[in-house]
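Thank you all for making the time this morning. I would like to take you through one structure, and I will give the cut-offs as I go.

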Amino acid sequence: MTDRSALADDERPPKPRPAPVPDADSAEYWAAAHDGRLVVQRCTNCHHRQLYPRDRCLVCRGPVEWVEASGRGTVYSYTVIRQNYSRPFRDWIPYVVALVDLEEGPRVMTNIVGCEPEAVTVGMAVKAHFEAVSDTAGIALFSPDE
Amino acid sequence: MSAGPRRRAVIAGVATSDYPHLPHLSEHAVHAQAADRALADAGLTFADVDGLATTGFFPMYATGVAEYLGLHPIYLDETNTGGSSFEVLVEHAAHAVEAGAVDVVLVTYGSVQLSQMGRRLGTGGGGGGFAPGPAIYDALWGNTLVGNYALAARRHMHEFGTTPEQLAGVAVSMRRHAAHNPQAQEREPITVEDVVSSRLVADPLHKLDCCVISDGGAACIVTTEERAADLPRAPVYVLGAAHATTHHMNMSAMPSLTRTPAAQSGPVAFARAGITPQDVDVAQLYDSFTITVVLTVEDLGFCAKGEGGSFVENGGLELGGRLPTNTDGGGLSACHPGMRGMFLIVEAVRQLRGECGATQVPAAAIAVAHGTGGMLSTGATLVLGKEAP
């Protein structure tokens, strides 16, 4: 078997971040992040807020609308990935994958960037910033909220 | 169905295939080897089999295994809940034989994951950046399979003060059991220090907090007590079973990273079996990672939530300990071919039949096999007993 880790410092150009393919549920979410906004769904009936996007409220099955979120949250849990053979991720090692609880309630997975992995803690305050990953989609990354 | 005495589901035969490295066998040949041996153990032949339950990584899987084995069953089940699938398949098979829908169900598992895909699958892959449907939400960040379990481990440490050394205790105990299993993939003794000084794969999980990656298979025969009366092995009774799910592939959709589906399936299965956790003599608990076992002993009620770390340390899971667990060495040391659930059932049955030699739990009468699938996504609890309920 080829040891692909031996190719980690190869000469190939950096591989871009993967881009989601928007669908009927997610298009608005990815488009908002593309425009630098974090949005969550709010139930027009019971006001429950949720992510990921669905066609209805998870609590009462009522209709949902999009509302803008503050982009602030706290780290619920995190890990430092030190082994991943897939590009582009292996080029980033070590990097932080985290679950962030947004101020509005929903929890999202993300990368914590803008600090050393060792600086990340559970409960740390973080804020979103955005990266366009295609013509129709952006993603929310988080960094320490100082 | 004719009226008559209640049909009781039993396991009449079990077997493992050769493992952990089978470069000379196809995936289906591993099924066949395990099936041959389980049928021989039960004193049956393929001609006696009228039901087949198995699952793998593509649709119509059971149909393909039936074709390969030359079976034309009247009962097929390929429910896939990941690593817990085989506990679910046995639960379903037990219902089906008790209902009179089928008489002899062959449950098989086979995998040549190690030979086909190599070690990369478990500790390196899983972060490819593409996933169908809603799974995309957690797929964009380079998280890995190990990383998902690491998120749960980190949260458990935060909430309850669980330490890396306590997690390591699980791996140390499994390795002690594996020393008595000549087939086990890893048999050299390890210490807590060895585990916590092995390289970090995804903090806080080290290499030795992760299961091995193996080839292998296993099988069992589910039939009725009445049929088993004429067969060579003492029947093992399916006393109760239940399964549950909290989420699919997105850890962000798991309501609490420290409460697994076992918290739902366990109490239901125990109630159906008419037992409490205190009645369990020996446990076979899915050990994909050390944290998986800590969460499972808590959620099944063997200790209080948050006390799993102290429950498993200092030999708590070893023979003579608080809960003898994974007496074959588990997925952490013996064999982990992708969906290990079938092995849990085989070892539980062997314990109840008193066949485990150096790792036999004296007078074991009630065993639990609990499978965990996906990213802590599914749990299935099977309560097995030596005596009729």
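What you see is a predicted model, in which local features need pLDDT of at least 70 and side-chain atom pairs count only at pLDDT 80 or more, while totals for chains, interfaces and linings use all residues. Residues are numbered from 1 along each chain as its sequence is written, and chains are lettered from A and ligands numbered from 1 in the order in which they are written.

Let me start with chain A, which has one helix and eight strands, where helices (H or I, at least four residues) and strands (E, at least two) are DSSP runs, numbered from the N terminus. Read from the N terminus, the order of elements in chain A is α-β-β-β-β-β-β-β-β, and the C-alpha trace of chain A spans about 55 × 30 × 30 Å along its principal axes. Of the 146 residues of chain A, 38% count as buried; a residue is buried if 20 or more other C-beta atoms lie within 10 Å of its own, exposed if 12 or fewer, and partly exposed in between, with C-beta atoms placed from the backbone.

How many residues of chain A are in contact with chain B? There are 27 residues of chain A in contact with 31 residues of chain B, and by contact I mean that the C-beta atoms of two residues, placed from the backbone, lie within 7 Å. On the side of chain A that touches chain B, the elements giving two or more residues are strands E4 (72-81), E5 (95-102) and E6 (107-112) of chain A, and the largest share, six residues, comes from E4(A). By class, that side of chain A divides into 18 nonpolar, seven polar and two charged residues, where Ala, Val, Leu, Ile, Met, Phe, Trp, Tyr, Cys and Pro count as nonpolar, Asp, Glu, Lys and Arg as charged, and the others, Gly among them, as polar.

Now to the interior. In soluble globular proteins, nonpolar side chains tend to be buried together. The largest nonpolar core here holds 167 residues, of which Cys220(B), Ile345(B) and Leu384(B) touch the most other members; such a core is a set of buried Ala, Val, Leu, Ile, Met, Phe, Trp, Tyr and Cys residues joined through C-beta atoms within 7 Å. Not counting residues up to four places away in sequence, Cys220(B) touches a set that includes Ala38(B), Val90(B) and Ile345(B).

At 1.5 Å a residue, the 12 residues of H14(B) (341-352) should span 16 Å, and the end C-alpha atoms are 17 Å apart, which agrees; the expected span is 1.5 Å times one less than the number of residues. H14(B) is followed by Gly354(B), whose phi is positive, near 70°.

How does H14(B) pack with helix H3 (85-99) of chain B, and at what angle? The angle is about 60° and the axes are 6 Å apart, with axes being lines fitted to C-alpha atoms, for helices over the stretch in contact, and angles running from 0 to 180 degrees between N-to-C directions. H3(B) and H14(B) are therefore oblique to each other, since angles under 35 degrees count as roughly parallel, over 145 as roughly antiparallel, 65 to 115 as roughly perpendicular and the rest as oblique. Ser85(B), Phe86(B), Glu87(B) and Val90(B) of H3(B) make this contact with Gly341(B), Met342(B) and Ile345(B) of H14(B).

Ser85(B) has 27 C-beta neighbours inside 10 Å and so counts as buried. Leaving aside neighbours within four places in sequence, the residues in contact with Ser85(B) include Thr55(B), Asn80(B) and Gly373(B).

Helices H7 (164-178) and H11 (290-299) of chain B pack at an angle of about 100°, with their axes 8 Å apart, which makes H7(B) roughly perpendicular to H11(B).

Finally, in helix H6 (145-160) of chain B, 13 of the 16 residues are buried, and just after H6(B), Gly161(B) takes a positive phi of about 75°.
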